[in-house]
Amino acid sequence: MAMTTGGRTRIFSGVQPTGHLTLGNYLGAVRRWAEEDQHRADALFCVVNLHALTVEHDPARVRRLSRQAATLLLASGLDPEVCTVFMQSQVDEHLRLSYLMECTASDGEMRRMIQYKEKAAAQRAKGGVRLSLLTYPALMAADILAYGTHEVPVGEDQRQHVELTRDLAVRFNQRYGATFVVPRTTLPAVAARVMDLQEPTSKMGKSRARTAGVVYLLDEPEVVRKKVLRAVTDAEPEVAYDPEQRPGVANLLNVLAACTGGDPRRLAEGYDSYGALKKDVAEAVVETLRPVRERHAELAADPASVDAVLRRGAERARALARPRVDAAFEAVGLLPAG
Ligand code: TYM
């Protein structure tokens with residue numbers, strides 16, 4: 001039997017500090033972690049700062065964005081009394097297990113990852129692809145499997161990585177004996193893939209070079225309004241929900257639905273102009289982000305308390321991960337440390 005988690009569902013998810021957190025991160029993942037996941041399971045949420053080193057990076061920026069991401073997780077409502085919030089690099093088990101995952105995966109599997117193909121193309125143009133960009137899903141699998149995770153709440157773009165994690169868990173268990181829980185992806189009902197407002201066929205991403213179509217959690221309300229009002233739609237006269245043919249409008253309706261709790265198709269019926277729709281989307285986004293921005297300003301004034309939360313989180317995470325990673329080391333034939 002794989003090690004148990006004491007009968008409670010275990011949830012793990014993470015966010016990379018490669019840029020400022022976006023509305024996509026919030027609606028696709030973080031909001032659900034705060035409103036639902038932390039209350040219904042034993043949940044761990046991690047700023048996966050090691051992943052930020054897989055692309056060209058500036059150490060000072062990664063340091064700053066790591067603390068900012070942690071502060072934003074708390075500002076979004078993750079309660080360190082209820083769930084575990086921590087920094088990946090402060091728990092060595094992730095790196096220990098990542099190597100075993102590299103020894104479980106094949107290079108072909110890694111090369112098939114869509115995100116690798118996209119990011120590698122961009123990095124190649126800048127002068128080189130880090131090997132860690134290719135092996136990244138092994139570290140992500142380790143993040144998840146170290147904790148006996150049952151559910152991984154993510155946006156649609158991470159589904160392929162979680163599928164690979166499942167494959168690796170099954171393969172490892174077959175080869176070396178039951179060690180890992182096989183996790184499953186959970187996606188939000190709407191806004192599983194928030195698109196760029198200027199380029200609605202691409203995901204709204206935190207590392208995009210053009211930022212006019214990306215709403216950041218810390219954007220001022222005026223900036224949010226401007227970005228939404230300038231969103232690309234199409235030339236059709238009436239508002240309708242058709243993600244295939246009319247991705248820009250569908251994206252605005254999805255965002256509105258996610259912010260107001262409605263259904264995108266039904267919401268479309270209430271509008272006869274794009275202007276009115278955009279105005280409502282802008283206000284809904286501003287109001288959704290307002291409490292997060294306000295709470296962030298308070299928490300950011302006291303970075304020592306954020307660091308203290310992270311320290312406690314890392315201690316708990318380490319204690320949870322250690323026995324399983326030790327067991328995995330032994331299972332593959334490594335002599336125990338003593
Ligand atoms: P990252 O940092 O790109 O994104 C964090 C979370 O936000 C979701 N997300 C989106 N959801 C909807 N629309 C969007 N435009 C959008 N952009 C991002 C992501 O799906 C994700 O849930 N590899 C992961 C981080 C990671 C991880 C893990 C996640 C590392 N180890 C273990 C879960 C479990 C990533 O790059 O997420």
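This tour goes through the model stop by stop, from the domains to single residues.

The model is predicted: local features need pLDDT of at least 70, side-chain atom pairs count only at pLDDT 80 or more, and totals for chains, interfaces and linings use all residues. Residues are numbered from 1 along each chain as its sequence is written, and side-chain values use heavy atoms, with hydrogens and water left out.

**Stop 1: the domains**

Colour residues 10-188 + 303-331 as domain 1 and residues 191-301 as domain 2. These bounds come from an automatic or database domain assignment. The C-alpha centres of domain 1 and domain 2 lie 27 Å apart. Now show the contacts across the boundary (contact means heavy atoms within 4.5 Å). Here 27 residues of domain 1 meet 26 residues of domain 2.

**Stop 2: the nonpolar cores**

Select Leu27, Leu277 and Val285. These residues have the most contacts inside the largest nonpolar core, which has 60 residues. Helix α11 (residues 274-300) gives the largest share of this core, ten residues. Both domain 1 and domain 2 supply at least three residues each to this core. A nonpolar core is a set of buried Ala, Val, Leu, Ile, Met, Phe, Trp, Tyr and Cys residues joined through side-chain atoms within 4.5 Å. Buried means under 20% relative accessible area, exposed over 50%, and partly exposed in between (1.4 Å probe, protein chains only). Helices (H or I, at least four residues) and strands (E, at least two) are DSSP runs, numbered from the N terminus.

Centre on Leu277. Not counting residues up to four places away in sequence, Leu277 touches Val239, Val249, Leu252, Leu253, Leu256 and Tyr271. Another core, of 39 residues, lies apart from the largest one; Val91, Val152, Ala314 and Ala328 are among its members.

**Stop 3: the ligand**

Show the 27 residues around the ligand; Gln16, Tyr136, Asp143, Asp157 and Lys206 come nearest. At least two shell residues come from each of β1 (10-15), α1 (23-40) and α6 (131-145).

Next, check three polar contacts (pairs of N or O atoms within 3.5 Å). A side-chain N or O atom of Gln16 is 2.8 Å from a ligand oxygen. For Lys206, the side-chain N or O atom is 2.6 Å from an oxygen of the ligand. Taken alone, the ligand exposes 710 Å², and the protein buries 98% of that. Accessible areas come from the Shrake-Rupley method with a 1.4 Å probe.

**Stop 4**

Select Ser13 in strand β1. Ser13 is buried, with a relative accessible area of 2%. A polar atom of its side chain lies 2.8 Å from the backbone oxygen of Pro153. Beyond four places in sequence, Ser13 touches Trp33, Leu44, Phe45, Cys46, Val152, Pro153 and Val154.

Move to Phe45, in strand β2 (residues 42-47). Its relative accessible area is 0%, so Phe45 counts as buried. Beyond four places in sequence, its contacts include Ile11, Trp33, Leu78, Cys83 and Phe86.

**Stop 5: Ala191**

Finish in the loop between β5 (184-186) and α8 (221-229), where Ala191 is found. Ala191 is not a glycine, yet has a positive phi of about 65°. Ala191 is buried, with a relative accessible area of 7%.

Note on methods:
A residue is near a molecule or strand if one of its heavy atoms lies within 4 Å of it. A polar contact is a pair of N or O atoms within 3.5 Å; within protein, one must be able to donate a hydrogen and the other to accept it, and residues adjacent in sequence count only if both atoms are side-chain atoms.
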